[in-house]
Amino acid sequence: MQPDCLSAEGERRCRQLLARTTARFRARPAAAAVLVPLCLVRGVPSLLYTLRSSRLTGRHQGDVSFPGGKCDPADQDVVHTALRETQEELGLAVSEEHVWGILQPVHDTRKATVVPVLASVGPLDLQSLKPNPEEVDEVFVLPLAHLLQTQNQGYTHFCQDGHFRYTLPVFLHGPHRIWGLTAIVTDFTLQLLAPGAYQPRLISPELPLG
C-alpha cells in the first residue's frame, strides 16, 4: 500500500484524479449515493462499512454496504445525498470540504445508478457513532492493508447460457464478506488509493457498471 495515501500529497493526487468524474456526475440525476468513508482507526488507514438492518424490507436487508441511500428531491446533489444519509444512518457529520470526489458510478441489477462519494473522515472512534437501528445492524472497518492482501481477495465469474460474461471482486476474511456493488466500489477505491499495490479484478466488456 502506498504509505502516503492519507497525506496531503496523496489527497491532492486523488482529488485531481477524481476531478473529471466529479464534474461530470455531481449534478446528474441518480437513484442513490453512498459515502466511501476513508478513516484512521487507532492510526490505521481503513474503510468504514455498515451491515444493513435485518428490519429493512427489500433485497438489501442484511447486506454489507457503505452508508448511503436514495436521493431526495431536496438534496442539492449526490454529494449532499451521501453526506445526509451518512449522518442519518450513523450520526456521523462529514463536512463537504472533506469530500475528495466522486468515483465511477455503478448500476444495480435494476439498472439504477448509484454514485459513490469518497471522503476522508479523519481519526474515528467507532464507539462515538450512533447507528440508527432501523437502518444499520453493525458498523465495522477494514484496514486498507487487509483489503490489499491477495489472500483476502477473491472473485466470482458470472456466466449466461454457457458463456462467460464478467468477473466481480469479493473481499474475504473480515467480519463479513464484501461482495456485489460494495465490492465493486471498494475495488475502485483501492485502484485510486494504491495503484501500484492493487490488481483490479473487474473483467469483461459486459460489466453492469456506470
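1. The protein exposes about 10700 Å², of which carbon and sulfur atoms supply 51%. The model is a predicted one, and of the 210 residues of the protein 47% count as buried.

2. The secondary structure comes to 4 helices and 10 strands, which follow one another along the sequence in the pattern α-β-β-β-β-α-β-β-β-β-α-β-β-α. Among contacts in the protein with a separation of 6 or more, 65% are accounted for by residues 24 or more positions apart.

3. The largest nonpolar core holds 35 residues, and the members that touch the most others in it are Y49, L118, L144 and L147. Two or more residues are given to this core by each of α1 (8–25), β1 (32–41), β2 (44–52), β7 (113–123), β8 (136–143), α3 (144–148), β10 (163–171) and α4 (180–193), and the largest share, 7 residues, comes from α4.

4. With 18 residues, α1 reaches 25 Å from its first C-alpha to its last, close to the 26 Å expected at 1.5 Å a residue, and yet α1 has a kink of about 45° centred on L18. L18 is also one of the buried residues of α1, together with G10, C14, T21, T22 and F25. An α-helix has 3.6 residues a turn, so residues three or four places apart point the same way. The buried residues of α1 pack against α2 (78–90), β5 (99–102), β7 and α4.

5. How many aromatic pairs are there? The count comes to 3. One of them is formed by Y49 and F66, which are stacked at 4.7 Å centre to centre with 25° between the planes; because Y49 lies in strand β2 and F66 in the loop between β3 (64–65) and β4 (68–70), this pair ties together parts that are 17 residues apart in sequence. The rings of Y49 and F140 are likewise stacked, since their centres are 5.6 Å apart and their planes are at 20°, and this pair links distant parts of the chain, with Y49 in strand β2 and F140 in strand β8, 91 residues apart. Y49, F66 and F140 form one aromatic cluster. Each of these residues counts as buried: Y49 at 0% relative accessibility, F66 at 3% and F140 at 4%.

6. Leaving aside residues up to four places away in sequence, E85 touches G68, G69, K70 and E135. The C-alpha atoms of E85 and P67 are separated by 6.7 Å, although the two residues are 18 residues apart along the chain.

7. Most residues other than glycine have a negative phi, whereas phi of R42 is near 55°, a positive value, and H173, which is not a glycine either, has a positive phi of about 70°. R42 is placed in the loop between β1 and β2 and is exposed, with a relative accessible area of 82%. H173 is found in the loop between β10 and α4, and at 60% relative accessibility H173 also counts as exposed.

Key:
Residues are numbered from 1 along each chain as its sequence is written. This is a predicted model: local features need pLDDT of at least 70, side-chain atom pairs count only at pLDDT 80 or more; totals for chains, interfaces and linings use all residues. Side-chain values use heavy atoms; hydrogens and water are left out. A nonpolar core is a set of buried Ala, Val, Leu, Ile, Met, Phe, Trp, Tyr and Cys residues joined through side-chain atoms within 4.5 Å. Buried means under 20% relative accessible area, exposed over 50%, partly exposed in between (1.4 Å probe, protein chains only). Contact means heavy atoms within 4.5 Å. Accessible areas come from the Shrake-Rupley method with a 1.4 Å probe; for residues, only the protein chains shown count as cover. The expected span of a helix is 1.5 Å times one less than its number of residues. The bend at a residue is the angle between axes fitted to the seven residues ending there and the seven starting there. Rings of Phe, Tyr and Trp (its six-membered ring) pair if their centres lie within 6.5 Å; planes under 30 degrees apart count as stacked, over 60 as edge-to-face and the rest as tilted.
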